[in-house]
Amino acid sequence: TVIFTDLDGTFLNHDDYSFDSSKDSLSLINEKKIPLLFTTSKTRVEVELLQKKVGIKEPFIVENGAAIFFPKDYQNFDLSFLDEYHGYYILQLGLKYKQVLNFYNKYKSEFGLLGFSDMNIDDIVKYTGLSEDDAKLSKQRDFTEPFLIEDKTKLKNLKNLALTYNIKITKGGRFYHLIGEFQDKGIAVKKAEKIFEKIYNDDINSIGLGDGPNDIVMFENVDIPIVIKNHKGKYVDTKIKNIQKSEFEGSKGWNEMVLKNV
Ligand code: 2M8
Ligand code: MG
Ligand code: MG
């Protein structure tokens, strides 16, 4: 088994970003040595800090499937077919942040966009409820731009225009995100599964947990999709028939569903 999990609103509570309720499930995962891959809109440095807090060193997927990171010494696997980056082996699926920002800067006034690159730390704290230190880490982006839009009816035109720049738009818990056309959590999870199967030389059983619109493509690419009740007490609409639904929200729902499935 390999677990892919969204962070905000799934592994972490929407409001306080804590994972207080997951002690039992985390020790079970640890006991069974199940790879736990954070699969998130967050940046590399945000994930590194969280891994430290949780006490794990596992592969992870950042910025909505922009890249898959493997620790260099991971399980003594031979990952030398991948690229090296910041002390990791990495498979990049997204564009460079610079390319995405070029598009954003060209059209931000016309479409009324406010992106992370134009927010200062206080703005990000205000919109997200992150601490100042965490907000700083969320600004250290390598691939994608989260943004707010004044008038949502303009999204459709923005989407079509973005595609002509090989950029698409997805949505997390709080923000829209400008991401590369050939990246998303679904594509990244599928690639990561392939890498695990190549290394293990065996089929893997994948579990995917998430709560947001950007997690739907992940659900479509795992063996066991699990939707976590969001902070509004609702489930994102997936149209997947066999999807499991948590009774609880956030960290408590995550714990509930991991204990049921591993
Ligand atoms: C952004 O991502 C969340 C994920 O669901 C969102 O779209 O609401 C990201 O920019 C991430 O880096 C940041 O930590 C998070 C904070 O809420 O917002
Ligand atoms: Mg989420
Ligand atoms: Mg499989």
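Visitor: What do the buried residues of H2 pack against?

Guide: They pack against H1, E2, strand E3 (60–62), strand E4 (67–71), strand E6 (88–92) and helix H5 (132–139). The model is predicted, so local features need pLDDT of at least 70 and side-chain atom pairs pLDDT 80 or more, while totals for chains, interfaces and linings use all residues. Residues are numbered from 1 along each chain as its sequence is written, chains are lettered from A and ligands numbered from 1 in the order written, and side-chain values use heavy atoms, with hydrogens and water left out.

Visitor: Which residues of helix H2 are buried?

Guide: In H2 (residues 44–54), Arg44, Val45, Glu46, Val47, Leu50, Gln51 and Val54 are buried. Just after H2 comes Gly55, with a positive phi of about 85°.

Visitor: Why is Val258 called buried?

Guide: Buried means under 20% relative accessible area, exposed means over 50%, and partly exposed is in between (1.4 Å probe, protein chains only). Val258 has 2%, so it counts as buried. Val258 sits in helix H9, where Gly250, Ser251, Gly253, Trp254, Asn255, Glu256 and Met257 are buried too. Their cover includes strand E1 (2–5), helix H1 (23–31), strand E2 (36–39), strand E11 (206–210), strand E12 (224–229) and strand E13 (244–249).

Visitor: Which residues is Val258 in contact with, leaving aside its neighbours within four places in sequence?

Guide: Ser25, Ile29 and Leu209, where contact means heavy atoms within 4.5 Å. Val258 and Ile226 are 32 residues apart in sequence, with 9.3 Å between their C-alpha atoms.

Visitor: How do you know that the span of H9 is close to what is expected?

Guide: The expected span is 1.5 Å times one less than the number of residues. H9 (residues 250–261) has 12 residues, its expected span is 16 Å, and it reaches 17 Å from first C-alpha to last.

Visitor: Why does Asn166 count as partly exposed?

Guide: Asn166 counts as partly exposed because its relative accessibility is 38%. Asn166 lies in the loop between helix H6 (155–163) and strand E9 (167–171), and its phi is near 60°, positive although the residue is not glycine.

Visitor: Is Asn64 buried or exposed?

Guide: Asn64 is buried, because its relative accessible area is 2%. Asn64 is in the loop between E3 and E4, and its phi is positive as well, near 55° in a residue other than glycine.

Visitor: Why does Thr170 count as buried?

Guide: Its relative accessibility is 17%, so Thr170 counts as buried. Thr170 belongs to strand E9. Beyond its neighbours within four places in sequence, Thr170 contacts Asn64, Phe175, Tyr176, His177, Ile179 and Asn214. Its C-alpha is 7.5 Å from that of Pro213, 43 residues apart in sequence.

Visitor: What makes the radius of gyration of the protein agree with a compact globule?

Guide: The radius is taken over C-alpha atoms, and the globule rule is 2.2 Å times the number of residues to the power 0.38. For 262 residues the rule gives a value near 18 Å, and the protein has 18 Å, so the two agree. The C-alpha atoms fill a box of roughly 50 × 45 × 40 Å along the principal axes.

Conventions:
Helices (H or I, at least four residues) and strands (E, at least two) are DSSP runs, numbered from the N terminus.
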